[in-house]
Amino acid sequence: MMLDPQLDADGNLIHLLSTEGLSRDQLTRLLDTGASFLGVSDRDVKKVPLLRGKSVFNLFFENSTRTRTTFEIAAKRLSADVINLNMSTSSTAKGETLLDTVDNLCAMHADMFVVRHESSGAPHLIVDHLRRTGRSDIHVINAGDGRHGHPTQGLLDMYTIRHYKGGFEGLKVALIGDILHSRVARSDIHALKTLGAESIRVVGPQTLIPTDIESLGVGVHRDLDSGLKDCDVVIALRLQRERMSGALLPSATEFHDRYGLTHERLKAAKPDAIVMHPGPMNRGVEIDSAVADSPRAVILPQVTFGIAMRMAVMSVLAGG
Amino acid sequence: MSAKSIEIRGGRVIDPASQFDEAASVFIANGKIVGIGQTPAGFKADQVIDAQGLVVAPGLVDLSARIAGNIDAELAAAVAGGVTTLACPPDVDPILDEPELAERLVRHAEDVSLVRVLPVGAMTQGLSGSMLAEMSLLRDAGCIAVSQGRGLPADTRVLWRALQYAASCDVPVWLQPAEYHLSKEGIAHDSALASRLGLAAIPVAAETLAMQTVLALAKATGARVHFTQISSAEGVALLREARDAGLPVTGDVAVHALHLYEQDIGYFDPLTRFDPPLRGYGDREALRLGLAEGTIGAAVSAHTPLGLDVKRVPFAEAAPGATGIELLLPLTLAWGEALSLPLRRSLLPVTARAAEILGVEAGQVAVGQRADLCIFDPEATWTVNENDLRSAGKLTPFLGRTLQGRVVTTLAAGQPVYERS
């Protein structure tokens, strides 16, 4: 049996690679820690000294200003030194391998890597390399790897759901749209499953639903109305424009017609259902502006909670 | 080289072709087997090899070993693995699409080793899938078949023409059945696992469509087709059906696919990146049974020596393949063990049946045959360790695994070419 590489021999979280494999206790502890950090952002001095003297390296092999910024803010509020590396324009573009880059940064005494990479499993490779070279004291946070996972987004989504719904028992949650390419969907599904949501549905055409996704404990709906029926939480996913050229969809217009969230379609969900989106949104494609700007949309609070949850992850990994 | 006469004394001689399996001595003179059991009249041994407790089997025949890069190291690896005849696919550097390149490979191999190296030429120039390579000249240069490397050409019309042309020059065509578009971007078997890990998927249909296309065209053209590295239960079923219908088609399986399946990817282990990808548990079972019943004729090492620079990278970016020629024997034996086959049957897919597909005389322990022999200890266990591998490629998902069956001595053309120290 292979051991989950994000846990140490005693089952403690030392890296965050996936929401899969985390126990309900571990997830709850992270969410509770997030709650305790939420107040920090409201203070005049928005800092706690938990990571003072530590160096956090943001390694973004794929561009994402927003995710990188929220990690940067989170680390700074924990008093860490933050070094941002835009890898798409740096040494890897000159042919250096991923692990050579990691070795170099280790030599600069990094304490934590926040990694975004276009290949599923890239952070796992780094963790494996650190373990082989006896540097498991350096923590790795997956900030999005290919289609595989985006665990801090998964955690902030869970935080948001718990915040608005009080818990997970009996909850019906629908994820809408491009599940196939979505690391957010996978992270949400694992966390929702572990936290005990009653029903998790994925909604989309067969071209955007991964094979045998039912094995993760979700129901598949081809039709939006049946997928939304009686839902408490609706999560719209970003639809990339390039899906049309990949013959996965005929057009954004047709996608919007079948799967776009409108107030009218949302009538199938519970009246108090919240609407979430990991951003950035394509207004008029997966979500109508009228929905995105309505009170039931909790998209901006997601961003705020995201900082608290990233602080929570960093502090828990660092032994806080 | 001197033509020593050798007596291999007291071993358990197994000839899979005849299912002979008895304690006997083997007598070698002038590079050939001159006697089994009974000492030939006037035979005088210059050297006696004690094979007590060991199996004396034919030198192994490997239908797929990429001996590129450090060719000398790969040939040393071959004999350390008991392999004395091998076919090298065309998708090596340089691509074997010109007669001179094939000739040069054969000549280089002959200069440094007694291993018989049989190149498989490229079916299309540069394996680009557009213009035909010089199949007839490639054959004259020593190629035993032509192949498109991994997968079929994108353009089915090119495949049709290639099969027509190959049939006209009586050149066998070896094809890895993978429909071009369905397989070109994928890296993992299309399944719950790939969905969970977020890996781009290759459906089984990529294999079955390719096989159906090739079979239809083979029927129409009369081309002799061999399918390399069948990976799925459906693929095995299609091959069985075609063979039952009397089509002259054969197939092989990568020996790693008799043991590993998709779950072995674990947490994105790049060493388990293969092309075709590791498929499901049911596929592995079907491959095991298909090989046992003879639908699939041969097990191949699919030896691909690769360096850390292309393997210690994220799974999706890792080059497919692994070093394997030194594991061919123990992994084949482990397959036989799993199916409770006697040794004389376990060895068939890497000896006589593989030689039959190649169309060369090899893979037999019989009087008059070239004395290519693999003497191994069937009980010896060993743990795969990169320092013990002679190949320049040290990377395989079997590193750290304990395997049973180890080559002790290899003879090629009557010469001891490997002795384990």
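User: Is B:Tyr281 buried, partly exposed or exposed, and how is that decided?

Analyst: Start with the relative accessible area. Under 20% is buried, over 50% is exposed, and partly exposed lies in between. This is a predicted model. B:Tyr281 has a relative accessible area of 46%, so this residue is partly exposed. B:Tyr261 has 22% and is partly exposed too.

User: How are the rings of B:Tyr261 and B:Tyr281 arranged?

Analyst: Check two values: the distance between centres and the angle between planes. Planes over 60 degrees apart count as edge-to-face. Here the centres are 5.3 Å apart and the planes stand at 70°, so the pair is edge-to-face. Now look at the sequence positions. B:Tyr261 is in the loop between strand E14 (249-254) and helix H9 (281-293) of chain B, and B:Tyr281 is in helix H9. They are 20 residues apart, so to speak of the pair is to speak of a link between distant parts of the chain.

User: How many aromatic pairs does the structure hold over all chains?

Analyst: There are five. One of them joins A:Phe57 and A:Phe113. Their ring centres are 6.2 Å apart and the planes meet at 75°, so this pair is edge-to-face. A:Phe57 belongs to strand E1 (residues 55-60) of chain A, and A:Phe113 to strand E3 (residues 112-117).

User: Which charged end sits over the ring of A:Phe71?

Analyst: Look for a charge facing a ring. The charged end of A:Arg310 sits over that ring, 4.8 Å from its centre.

User: How do I read the interface of chain B and chain A?

Analyst: 19 residues of chain B are in contact with 26 residues of chain A. The two chains bury about 1800 Å² between them, 60% of it on carbon and sulfur atoms. B:Arg196, B:Tyr267 and B:Arg312 supply 35% of the area that chain B buries against chain A, more than any other three residues.

User: Which residues form the salt bridge across this interface?

Analyst: The rule finds one salt bridge there. A:Glu20 pairs with B:Arg196, and their closest N and O atoms are 2.8 Å apart. The interface also has six residue pairs in polar contact.

User: Where is B:Thr304, and what surrounds it?

Analyst: B:Thr304 is in the loop between strand E15 (298-300) and helix H10 (308-311) of chain B. Its relative accessible area is 7%, so B:Thr304 is buried. A polar atom of its side chain lies 2.9 Å from the backbone oxygen of B:Ala302. Leaving aside neighbours within four places in sequence, its contacts include B:Arg66, B:Arg150 and B:Pro320.

User: How many residues of helix H11 of chain B are buried?

Analyst: Eight of its 11 residues are buried, so the helix, residues 328-338, is mostly covered. Among them are B:Leu328, B:Trp335 and B:Gly336. After the helix comes B:Ser340, with a positive phi near 55°.

User: Which peptide bonds are cis?

Analyst: Read omega. The bond from A:Gly279 to A:Pro280 is cis, with omega near -10°. The bond from B:Asp275 to B:Pro276 is cis as well, with omega near 0°. B:Pro276 lies in the loop between E14 and H9 of chain B.

User: What is phi of B:Asn30 and of B:Leu127?

Analyst: Phi of B:Asn30 is near 55°, positive in a residue other than glycine. Phi of B:Leu127 is also near 55°. Compare their surroundings. B:Asn30 is exposed at 63% relative accessibility, whereas B:Leu127 is buried at 17%.

How values were computed: Residues are numbered from 1 along each chain as its sequence is written. Chains are lettered from A and ligands numbered from 1 in the order in which they are written. This is a predicted model: local features need pLDDT of at least 70, side-chain atom pairs count only at pLDDT 80 or more; totals for chains, interfaces and linings use all residues. Side-chain values use heavy atoms; hydrogens and water are left out. Rings of Phe, Tyr and Trp (its six-membered ring) pair if their centres lie within 6.5 Å; planes under 30 degrees apart count as stacked, over 60 as edge-to-face and the rest as tilted. Helices (H or I, at least four residues) and strands (E, at least two) are DSSP runs, numbered from the N terminus. Buried means under 20% relative accessible area, exposed over 50%, partly exposed in between (1.4 Å probe, protein chains only). A charge sits over a ring if NZ of Lys or CZ of Arg is within 6 Å of the ring centre and within 35 degrees of the ring normal. Contact means heavy atoms within 4.5 Å. Buried area is the accessible area (1.4 Å probe) that two parts lose on being put together, summed over both. A salt bridge is a side-chain nitrogen of Lys or Arg within 4 Å of a carboxyl oxygen of Asp or Glu. A polar contact is a pair of N or O atoms within 3.5 Å; within protein, one must be able to donate a hydrogen and the other to accept it, and residues adjacent in sequence count only if both atoms are side-chain atoms.
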